[in-house]
Amino acid sequence: MKILHIIFITLLFIAPIKAQTLHGRITDSADGKPIAGALIFIPRLNLTSVSDTSGNYRLSPVPRGACLVEAEMLGYAAITRQIWMKGDVTANFSLAASASNQREVVITAFGNAANNKNCPVPVVIVPHEALMHENFSNAIDAIALQPGVAACSYGPGIGKPEVNGLGVYRVVTVFDGVPQEDFQFGTEHNVMINPYAIYDAQIIRGPASLQYGSGAMGGVIDFRTSPFPENGVTEGSITTDYQTNNGQAGESLNLTGNNRGIVWGFTASGMAAHCYNNPVNGYVWGTAYNNYNVRAVAGIEKKWGYSRLSFSTYRQMNGIAEGTRDSLTGKFSYDMNDNNFIGGKEYPTQTDYLSYNPCNVLYQQIEHNVLSWQNGINIGKGLLLADVAYTSDHRAVFDTGTVARLNMWLTDVPYSLKYEITDAATGINLQEGINGFYEYMRNNNEAPAPYYSKFIIPDYSFLDAGAFAIVQKSFGKLTLCGGLRYDTRNQTADGMYDVHNKTASQTLVPEGTTGANQLFAPAAQSFGGTSASLGGTYSLPGNNYLKLNVAKSYRAPSIPELEENRVDPSLNEYVIGDGKLKAEGGYEADLVFGSNGRNFDLEADGFFNYIKNFIFSAILPSLKSPGNDSVHYINTNGVNVPYPTYKYEAATAEISGVSGYFNIHPAAAQWLEEDNGLTLIYSYLPGQTPLTEHVPQTPAPRLTSQVKLKMRNRPNSIISNSFLSFGLEEDWAQNNIYGAAFTELPSAAYILYNAGIGTDLRNPRKNKTVCAFFINIMNLTNVAYIDHLSYLQYNYLAVLTASENAALGRAAKPTQIPVQVTQPGMGIYDMGRNIGFRLIFPIGGGKANNL
């Protein structure tokens with residue numbers, strides 16, 4: 001930490017006094033008139049400027065070399081241009097009027113100098129305005145309805161991304177350039193990214209192992225923070241939210257500034273919610289959550305390049321909805337380990353359901369801290385990019401009170417060193433480098449008596465390293481891009497042993513101790529694999545285009561897949577790993593056709609992905625009686641409780657699908673906009689039985705549609721950018737499941753209707769926005785439904801009395817037993833009608849403070 005501080009201060013003193021400036025004028029292509037309030041953005045620097053009333057803009061300082069610049073304005077088609085900075089440069093932009101919300105933007109997630117037109121892999125752009133208009137409880141919620149994207153959810157507040165039918169271990173989530181590895185293997189906790197800190201998002205729908213190594217077989221979700229303003233400007237916003245279904249209340253302060261190339265940003269936010277409700281279950285016990293985040297960044301941008309240092313701390317507490325219910329009435333009850341149950345209070349009351357404290361049930365607490373240092377230094381004709389981060393995570397799961405039974409510490413050190421050069425004469429862009437991360441995890445010491453700790457995976461460490469090269473070249477209307485990469489992973493897992501297992505006297509002991517019970521055997525493994533990609537884009541007449549990309553991807557097995565040995569606290573099942581698993585290898589082809597017309601936009605992506613050694617968990621056949629499930633017995637309150645047992649295995653998998661959008665924006669009726677999205681994924685496991693021939697957790701086919709009516713902005717009006725929207729989400733039935741032993745259930749079709757309204761309130765004399773106001777109604781008709789990717793549908797933990805256990809031939813003591821959900825509706829339904837209110841107040845700003 002001290003070394004980083006010294007280097008950063010040194011850079012401040014050695015920075016040149018004279019800086020390069022990019023300036024110019026933004027005009028309307030139809031009449032040549034200046035456009036005020038247009039945004040000019042350099043993504044590599046995260047630097048912006050806004051055009052004044054004469055259309056003029058100015059960005060300073062801008063480092064020497066090639067940079068991609070975006071120019072955009074509401075009501076106009078955004079464009080990108082590559083600018084060569086050598087001294088002060090003038091660059092004028094002429095924007096054409098358009099009602100389309102499909103923009104030409106720089107794709108920072110792809111790793112090299114590309115915009116979405118010449119990027120051969122399908123890319124989804126989620127702009128800032130779209131995020132402002134949405135209800136969300138977590139970062140993945142905000143993008144889950146984009147074409148080809150879905151969320152594996154564990155109730156509100158908890159979501160993991162899925163792209164093209166692949167999720168959890170196979171999608172890399174990036175926040176402000178830092179890959180997120182925060183206990184990603186767990187389904188019962190969230191991606192640790194503050195949704196209020198997200199400015200916009202880019203989603204690569206397809207293999208990105210070439211850029212990110214192991215873990216990016218399905219794609220990448222790149223969340224970006226607010227850009228820095230132009231020189232001499234401090235700006236930001238205050239946001240306040242409320243949602244009616246679960247009482248979610250949130251507040252956020254976001255500030256950024258720029259003083260002669262010294263840039264900074266600050267975000268502070270908090271969010272809390274009580275249990276949500278739906279028409280079938282009523283209030284769902286164990287779904288309360290709260291979180292808060294503080295993030296600060298400081299940097300310098302000069303002629304020689306840039307350097308930024310950022311720190312973030314994120315805390316989240318959320319209940320774990322086990323689905324604990326009375327065996328006779330089906331009514332939600334307290335967990336038997338809960339202090340309330342022990343004290344004689346069996347059922348939660350209305351006051352309990354409406355409490356914002358998640359500690360009244362089995363709950364977990366996660367702390368996520370990130371320190372990152374990002375640098376771009378001009379060397380020769382190119383740019384050297386050197387990034388390193390330190391992330392620390394602490395996860396604790398509490399059965400009762402304040403004593404953690406599961407206590408894990410995870411540390412990651414992601415790093416990246418790459419050199420990028422664009423030749424001015426040939427237009428060839430070359431990027432080569434290395435990246436990866438070092439990770440280690442440690443279990444905490446034993447819990448104090450009378451409690452004992454749970455250990456689900458052993459202490460471990462590994463080092464990922466990958467070297468790659470990517471080259472891109474344009475030949476008129478044709479752009480080609482390709483690359484090659486090789487990755488290695490070396491990992492070790494420590495042996496773990498205890499005595500007096502699962503009793504108040506349980507103690508961890510060294511190997512060889514008399515009477516020791518082996519929890520995990522020591523293991524050491526090495527994995528390696530090649531990733532490659534070759535693709536191109538071609539501009540057809542009439543603003544049409546084609547994209548074709550073929551790629552090989554690679555993924556090393558995760559530690560849980562190799563070594564796990566635990567009761568899953570979220571799914572009430574026993575899961576064990578397989579140390580003999582091999583690395584996955586994927587082979588995918590993507591073909592895209594798109595059109596950006598005057599009255600409509602469309603894009604359709606068809607893909608096929610063949611994966612060798614595809615790893616998934618499946619229920620273990622019984623060794624005692626064929627046809628019955630294998631069970632693992634856990635002693636609970638003196639009763640041997642059976643848990644269905646799952647084990648990770650590997651098979652060949654084939655995943656294919658079509659996703660895309662069709663958006664209508666008539667030029668003659670710019671008050672009207674209709675956006676439609678489609679996701680259709682099919683999975684197949686060759687050589688399996690009819691019950692086991694589909695990949696688990698394949699999303700249901702989905703169609704989304706929204707009609708937006710926009711009010712025309714009038715001079716000197718106190719309102720602007722007003723709209724009224726109506727939409728639907730139609731999810732079709734999903735019967736293509738891994739159905740052996742009810743591992744997965746089919747899901748029923750449903751339609752959710754949504755509506756929204758929004759406007760900006762302005763001071764016309766000062767031409768300033770006072771605030772923006774939005775109302776969103778989700779699930780307007782209060783439909784009872786279960787998303788196919790919801791884990792809560794499988795949660796049912798029955799509390800049995802002593803007499804009920806005795807009747808079943810068990811010890812005559814009260815206990816709770818997992819009930820296997822064998823038909824839809826036995827588990828927990830998703831959220832009912834939810835009305836969200838949002839107010840955003842802008843702070844400061846330069847020539848304009850448009851949100």
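**Notebook: salt bridges, rings, core and a sheet**

I looked up Asp-241 and Arg-838 and found that their side chains form a salt bridge, with 2.6 Å from N to O. Asp-241 belongs to strand S17 (residues 233-243) and Arg-838 to strand S49 (residues 834-844), so this pair ties together parts that are 597 residues apart in sequence. Both Asp-241 and Arg-838 are buried. I note that the model is predicted.

Asp-487 and Arg-485 are buried.

I next turned to Glu-673 and Lys-710, whose side chains meet in a salt bridge of 3.2 Å, N to O. Glu-673 lies in strand S42 (residues 672-684) and Lys-710 in strand S43 (residues 702-710), so the pair ties together parts that are 37 residues apart in sequence. Are the two partners buried or partly exposed? Glu-673 counts as buried because its relative accessibility is 7%. Lys-710 has a relative accessible area of 26% and is therefore partly exposed.

I also recorded a network of salt bridges that links Arg-170, Arg-555, Glu-561 and Glu-584.

I went on to aromatic pairs, of which a search of the whole structure finds 14. Phe-136 is in the loop between helix H2 (128-132) and S10, and Tyr-196 is in the loop between strand S14 (178-179) and strand S15 (200-205), so the pair ties together parts that are 60 residues apart in sequence. Both residues, Phe-136 and Tyr-196, are buried. I found Tyr-283, Trp-285, Tyr-334 and Tyr-353 linked into a cluster by ring pairs.

The charged end of Lys-331 sits over the ring of Tyr-347, 4.5 Å from its centre. Lys-708 lies over the face of Phe-723, 4.6 Å from the ring centre.

Which residues touch the most other members of the largest nonpolar core? They are Trp-285, Ile-457 and Tyr-460, in a core of 33 residues. Strands S10 (149-153), S27 (403-422), S28 (429-443) and S29 (460-475) each give two or more residues to this core. S27 gives the most, with three residues.

Lastly, I traced an open sheet of four strands, ordered S3-S2-S5-S6 with antiparallel pairing. S3 (47-50) and S6 (79-85) are at the edges with a single partner strand each, so one side of each has no neighbour in the sheet. S5 (residues 65-72) pairs with S6 over seven bridges, and Leu-68 stands opposite Gln-82 in S6.

Key
Residues numbered from 1 in each chain as written. Predicted model: local features only at pLDDT ≥ 70, side-chain atom pairs only at ≥ 80, totals over all residues. Heavy atoms only, no water. Pairing = 2+ DSSP bridges. Core = buried A, V, L, I, M, F, W, Y, C linked by side-chain atoms within 4.5 Å. Buried < 20%, exposed > 50% of the residue type's maximum accessible area, 1.4 Å probe, protein only. Phe/Tyr/Trp six-rings, centres within 6.5 Å; stacked < 30°, edge-to-face > 60°. Lys NZ or Arg CZ within 6 Å of the ring centre and 35° of its normal. Salt bridge = Lys/Arg side-chain N within 4 Å of Asp/Glu carboxyl O.
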